[in-house]
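Reader: I've got a few questions about how the terms get applied here. Can we go through them with the structure open?

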Amino acid sequence: MKFRNSILLSALMAATALGGIANAQDGEKQYRFVMVSHIGSNDPNMGWLTKSMEEFEKKYPNVKTEYISTNNYSVQEHVRLLEQAISTQPDGIAVPIVSSDAFEGPLRKAIEAGIPVVAFNIPDGRPEGERIPYLTYVGGDEYLTGKKLGEYALEKAEAGEIPKPTHVVCASHDSAHQGLKARCAGMKDAMEKAGTKVDELFIGAEPATARNTLQSFLQANPDTNYIFTVAGWSSPWAWGVANEMKLEPDVDDKGMTVLTVDEGPVSIEGVRAGHVLATNSQGFWLQGYAPMEWLYWNKEFGYAPQSNILTGPVIINKDNADKWAELVRGVFGDKAYDEQNTW
């Protein structure tokens, strides 16, 4: 982790210097880079990506960036948007590999046509010789996200601060999303080492359906005492269901324990309110900025990174949640932050 961050820090420092050169020179070649994302405006994490891309443009004024996404997400719609973006012949593309099978065809065509690709947020998890030949991956490790959160919960349970887990349900809103599956797999590996059963449950992204599905599961599995929501915005739904069932979901040494993900307002405020044990940061700001920079360096200098760049996970808990709230408010602004806090 320190090694990855030191590489990225050096890159960002160099970016500042190069940005100054870009501002000073006239007649530079113009570039257009496109991020085709799975994160729409209904997800607070979009703000990290778009704001960091705005900062990138300030330092590299000869580059125009575009952010493309949809609020009605499906893998099929994501592929359609990707193919549409490729048809415009951008100078570079950043994209999460939500489905290796679905994205392989369009991305290999783009790469063969000379369009460099950087994977962000979700990598192609296959071995080097089999995966899509993008330049590099910038993002967190979704498996480590689940594993580190599970290990943190076990540490707190061992200290007697929360109940020891007997049965964990990993509540996912997208059954085809490789990153969400990896989060569940990490949690499962951490918990099964402690002898705890883990189930993955598809709850969907519609609130009423998700609540009903989770409630049915909890009724059928009364030994479940941990809920891990793999999206921050679904954590209030999970807490609400458990609370309505009188399962005592606030963070203490009894009842249900809720964990979630990401550094969005709803996740951070869940921790601050004592509803959620912990969440994580995967370095979203860097996931917007760094892919654009690697694409620029590749186009300008032919540079291809020699390793992936991990930007997380970092655990957010009651000890550091106030600092994270201050940071996120600074990025989103008070109005957007409060609107996105759905507790």
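Reader: What distance separates the centres of domain 1 and domain 2?

Author: This is a predicted model, and in it the two centres, taken over C-alpha atoms, are 29 Å apart. Domain 1 covers 31-140 + 283-307, while domain 2 runs over 142-281.

Reader: How do you know that domain 1 and domain 2 are in contact, and how many residues take part?

Author: Contact needs heavy atoms within 4.5 Å. By that test, 17 residues of domain 1 touch twelve residues of domain 2. Together the domains bury about 1000 Å², with 50% of that on carbon and sulfur atoms. On the domain 1 side, Pro44, Val98 and Ile122 supply 30% of the buried area, more than any other three residues.

Reader: What holds across the interface of domain 1 and domain 2 in terms of polar contact?

Author: Six residue pairs are in polar contact there. By class, the domain 1 side has nine nonpolar, seven polar and one charged residues.

Reader: Why is the aromatic pair of Tyr60 and Tyr296 called tilted?

Author: The whole structure has twelve aromatic pairs, including this one. Its centres are 4.5 Å apart, and the cut-off is 6.5 Å, so the rings count as a pair.

Reader: Where in the chain do Tyr60 and Tyr296 sit?

Author: Tyr60 is in the loop between helix H2 and strand S2, and Tyr296 belongs to helix H10. They are 236 residues apart, so the pair links distant parts of the chain.

Notes: Residues numbered from 1 in each chain as written. Predicted model: local features only at pLDDT ≥ 70, side-chain atom pairs only at ≥ 80, totals over all residues. Heavy atoms only, no water. Domains from an automatic or database assignment. Buried area = accessible area lost by both parts, 1.4 Å probe. Polar contact = N/O pair within 3.5 Å; in protein donor to acceptor, adjacent residues only side chain to side chain. Nonpolar A, V, L, I, M, F, W, Y, C, P; charged D, E, K, R; others polar. Phe/Tyr/Trp six-rings, centres within 6.5 Å; stacked < 30°, edge-to-face > 60°. Helix = DSSP H or I, 4+ residues; strand = E, 2+ residues; numbered from the N terminus.
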